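Work through the exercises below with the sequence and the model open. Each task is followed by a solution in steps.

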Amino acid sequence: MKKAKRCLIAVVSGILATTAVLSGCGQSKKEISKNDDHLTVYLWENRLMKNIAPYIHEQFPDQDIEFIIGNNDTDLYSYFKEHDELPDIITVRRFSGTDAQDLQPYLMDFASYDVVSKYYSYAVQYYKNEEDEIQWLPICGIPQTIIANKTLFDQYGVKIPENYEEYVQACQQFYDNGIKPYSMDLGEDWSNNEIIQAAAIGEFTSLDGIEWRNGAETAADEVKFDDVLWKRIFSETS
């Protein structure tokens, strides 16, 4: 039964990973939950409950799966670990390897499961720990809310985009009419990081940038803002 539950954990995690941003699996490596028929899944926000829970229940109608709204923070699960209450599956959005180090001994290794083969190797390499275990599964970005000035769209006869290709086309149409299609007021702390990443994408995808990011996201190295890579990145941003 324990082996069957581990397999189901991997399968459900794979489904979550195709919908959520980041998916991981909890429970001690040494001791699976005493109730092998019950699977607990902590979600990082309410909309996952609305969009994912019904789908997973449909795929596994005979499995007792309990979905709980947790927190988008690994500190919550570190607290659960201290009280022996880790869930079977954890979803957390945007965290570093350093944040999750305390949970490493208690997370299941996905490396031998088929779900990992659904990802490109470069995508999962950042989620390997020092023992080459894959305990978290990444996913591509999900769209954030964008508010459109419908009056402006109507004035210039531009269709409100419904996908990325239409968004690019709309931006070009506004640009052709002398209107800056996209701007950011830097009112939020994360907006600075967004601009740095966008302006310096060439540097981040260079060999130096990939090595730096790998060290940062796996917590394998002491990450520093060195004088070589980061001077180039900030010069691009300016």
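**Exercise 1: Serine 78**

Serine 78 has its place in helix H4. Helices here are DSSP runs of H or I with at least four residues, strands are runs of E with at least two, and both are numbered from the N terminus. The model is a predicted one, in which local features need pLDDT of at least 70, side-chain atom pairs count only at pLDDT 80 or more, and totals for chains, interfaces and linings use all residues. Residues are numbered from 1 along each chain as its sequence is written, and side-chain values use heavy atoms, with hydrogens and water left out.

Task: state whether serine 78 is buried or exposed, and which residues it contacts beyond its neighbours within four places in sequence.

Solution. 
- Step 1. The relative accessible area of serine 78 is 12%. Buried means under 20%, exposed over 50%, and partly exposed in between, using a 1.4 Å probe and protein chains only. Serine 78 is therefore buried.
- Step 2. With neighbours within four places in sequence set aside, serine 78 is in contact with Asp102 and Leu103. Contact means heavy atoms within 4.5 Å.
- Step 3. Serine 78 and glutamine 101 are 23 residues apart along the chain, and their C-alpha atoms are separated by 9.7 Å.

**Exercise 2: A charged patch**

Task: find which residues form a negative surface patch, and where aspartate 75 sits.

Solution. 
- Step 1. The negative patch is formed by Asp75, Glu82, Asp99 and Asp102. Patch residues have over 30% relative accessible area and no salt bridge; like charges are joined within 9 Å, and nonpolar side chains (Val, Leu, Ile, Met, Phe, Trp, Tyr) within 5 Å. Asp and Glu count as negative, Lys and Arg as positive, while His and the chain ends are not counted. Each charge is placed at NZ of Lys, CZ of Arg, CG of Asp or CD of Glu.
- Step 2. Aspartate 75 belongs to helix H4, residues 74-82. It counts as exposed, at 53% relative accessibility.

**Exercise 3: Salt bridges**

Task: how many salt bridges are there, and which residues form them?

Solution. 
- Step 1. Side chains of opposite charge can pair when their charged atoms come close. The rule asks for a side-chain nitrogen of Lys or Arg within 4 Å of a carboxyl oxygen of Asp or Glu. By this rule there are 2 salt bridges.
- Step 2. One joins aspartate 154 and lysine 150, with the closest N and O atoms 3.0 Å apart. These two residues are about one helical turn apart, because they lie 4 residues from each other in helix H7 (residues 150-155).
- Step 3. The other joins lysine 159 and glutamate 166, with the closest N and O atoms 2.9 Å apart. Lysine 159 is partly exposed, with a relative accessible area of 47%, and glutamate 166 is partly exposed at 23%.

**Exercise 4: Positive phi**

Task: locate aspartate 84 and aspartate 132, and state what phi each has.

Solution. 
- Step 1. Aspartate 84 is in the loop between H4 and strand S4 (89-91). Its phi is near 55°, a positive value in a residue other than glycine. Aspartate 84 is exposed, with a relative accessible area of 73%.
- Step 2. Aspartate 132 is in the loop between helix H6 (121-124) and strand S5 (136-138). Phi of aspartate 132 is positive, about 65°, although the residue is not a glycine. Aspartate 132 counts as exposed at 54% relative accessibility.

**Exercise 5: Valine 124**

Task: describe the surroundings of valine 124.

Solution. 
- Step 1. Valine 124 lies in helix H6 and counts as buried at 5% relative accessibility.
- Step 2. Apart from neighbours within four places in sequence, valine 124 contacts Val116, Tyr119, Ile134 and Pro138.

Conventions. Accessible areas come from the Shrake-Rupley method with a 1.4 Å probe; for residues, only the protein chains shown count as cover.
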